[in-house]
Amino acid sequence: MNIQIINGPNLNLLGVREKSIYGNTSFDTFLEELRKRYPAITLSYYQSNVEGEIINKLHEIGFSYDGIVMNAGAYTHTSIAIADAIAAINTPVIEVHISNVHKREEFRHKSMLAANCKGVIAGFGMDSYRLAIENFLTA
Ligand code: DQA
């Protein structure tokens with residue numbers, strides 16, 4: 001099974017950025033743990049701070065991979081272009097968030113992407129990514 005994780009803007013700073021919200025773990029450390037836990041899955045990782053690059057990655061892998069776990073960061077709340085890219089591809093996308101966006105500022109309550117995604121997982125810290133992978137594994 002081929003699963004792609006895509007992280008959007010500022011998520012390269014996990015472990016450094018606003019630790020009280022996003023925790024102390026870098027994504028590289030977390031990814032190593034995930035790969036150990038799911039040795040049977042080919043787990044690819046891509047991060048970009050650039051909207052168009054995220055769209056290019058969706059186009060590149062969105063007709064061949066089994067699942068995409070996507071944390072689009074703040075683009076979640078703004079990007080019609082990423083929403084359209086999710087609608088255009090065949091691979092199902094699960095939207096994830098580390099924080100519970102519904103407990104935070106009102107502008108984080110709205111997702112432009114959610115309606116085009118298989119589902120949304122938010123508020124479980126880094127475990128949000130793993131829960132999405134579990135869904136692809138068991139679905
Ligand atoms: C986030 C929540 C977004 O509102 C925010 O812009 C992020 C991270 C999360 O994982 O909790 O960058 O997607």
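Reader: Hi! Where is the place of His97 in this one?
Author: Hello! This is a predicted model, and in it His97 sits in strand E4.

Reader: Thanks. Is His97 buried or exposed?
Author: His97 is buried, because 22 other C-beta atoms lie within 10 Å of its own and the cut-off for buried is 20 or more.

Reader: And what does His97 touch, leaving out residues up to four places away in sequence?
Author: On that basis, His97 touches Asn71, Ala122, Gly123 and Ser128.

Reader: Which residues does UniProt list for "active site"?
Author: The UniProt entry, which is unreviewed, gives Tyr22 and His97 under that heading.

Reader: Nice. Where is Tyr22 found, then?
Author: Tyr22 belongs to helix H1, which covers residues 19-22. Tyr22 is partly exposed, with 18 other C-beta atoms within 10 Å. Not counting residues up to four places away in sequence, Tyr22 touches Leu14, Arg17, Ile98 and Ser99.

Reader: Which residues does the "binding site" annotation cover?
Author: In the unreviewed UniProt entry, "binding site" covers Asn71, His77, Asp84, Ile98, Ser99 and Arg108. These residues are spread over 38 residues of sequence and also spread in space, with up to 24.3 Å between C-alpha atoms.

Reader: Let's take Ser99. Where is that found?
Author: Ser99 is in the loop between strand E4 (93-97) and strand E5 (119-122). Ser99 counts as partly exposed, with 17 C-beta neighbours inside 10 Å. Beyond residues up to four places away in sequence, Ser99 touches Ile21, Tyr22, Arg104 and Gly123.

Reader: What about Asn71, buried or exposed?
Author: Asn71 is buried, because 25 other C-beta atoms are within 10 Å and 20 or more is enough to count as buried. Asn71 is part of strand E3, residues 67-71. With residues up to four places away in sequence left out, Asn71 touches Asn7, Gly8, Leu11, Val96 and His97.

Reader: Now the ligand. Which residues are around the ligand?
Author: The residues there are Asn10, Asn71, Gly73, Ala74, Thr76, His97, Ile98, Ser99, Val101 and Arg108.

Reader: How many residues of that shell are nonpolar, polar or charged?
Author: Three are nonpolar, six are polar and one is charged.

Reader: Changing topic: how many residues has the largest nonpolar core?
Author: That core has 27 residues, and those with the most contacts inside it are Val69, Met70, Ile82, Ile86, Ile94, Val96 and Ala132. Two or more core residues come from each of strand E1 (2-7), helix H3 (51-61), E3, helix H4 (80-88), E4, E5 and helix H5 (127-138).

Reader: What is Met70 in contact with, leaving aside its neighbours within four places in sequence?
Author: Met70 is in contact with Ile6, Val93, Glu95 and Val96.

Reader: Last one: where is the place of Ile61?
Author: Ile61 is in helix H3. Ile61 is partly exposed, with 18 other C-beta atoms within 10 Å. Apart from its neighbours within four places in sequence, Ile61 is in contact with Gln4 and Thr91.

Reader: And what separates the C-alpha atoms of Ile61 and Glu105?
Author: Those two C-alpha atoms are separated by 33 Å, with Ile61 and Glu105 being 44 residues apart along the chain.

How values were computed
Residues are numbered from 1 along each chain as its sequence is written. This is a predicted model: local features need pLDDT of at least 70, side-chain atom pairs count only at pLDDT 80 or more; totals for chains, interfaces and linings use all residues. UniProt positions are given in the numbering used here, feature names are shortened, and annotations may be inferred rather than shown by experiment. Helices (H or I, at least four residues) and strands (E, at least two) are DSSP runs, numbered from the N terminus. A residue is buried if 20 or more other C-beta atoms lie within 10 Å of its own, exposed if 12 or fewer, and partly exposed in between; C-beta atoms are placed from the backbone. Two residues are in contact if their C-beta atoms, placed from the backbone, lie within 7 Å. A nonpolar core is a set of buried Ala, Val, Leu, Ile, Met, Phe, Trp, Tyr and Cys residues joined through C-beta atoms within 7 Å. A residue is near a molecule or strand if its C-beta atom, placed from the backbone, lies within 6 Å of it. Ala, Val, Leu, Ile, Met, Phe, Trp, Tyr, Cys and Pro count as nonpolar, Asp, Glu, Lys and Arg as charged, and the others, Gly among them, as polar.
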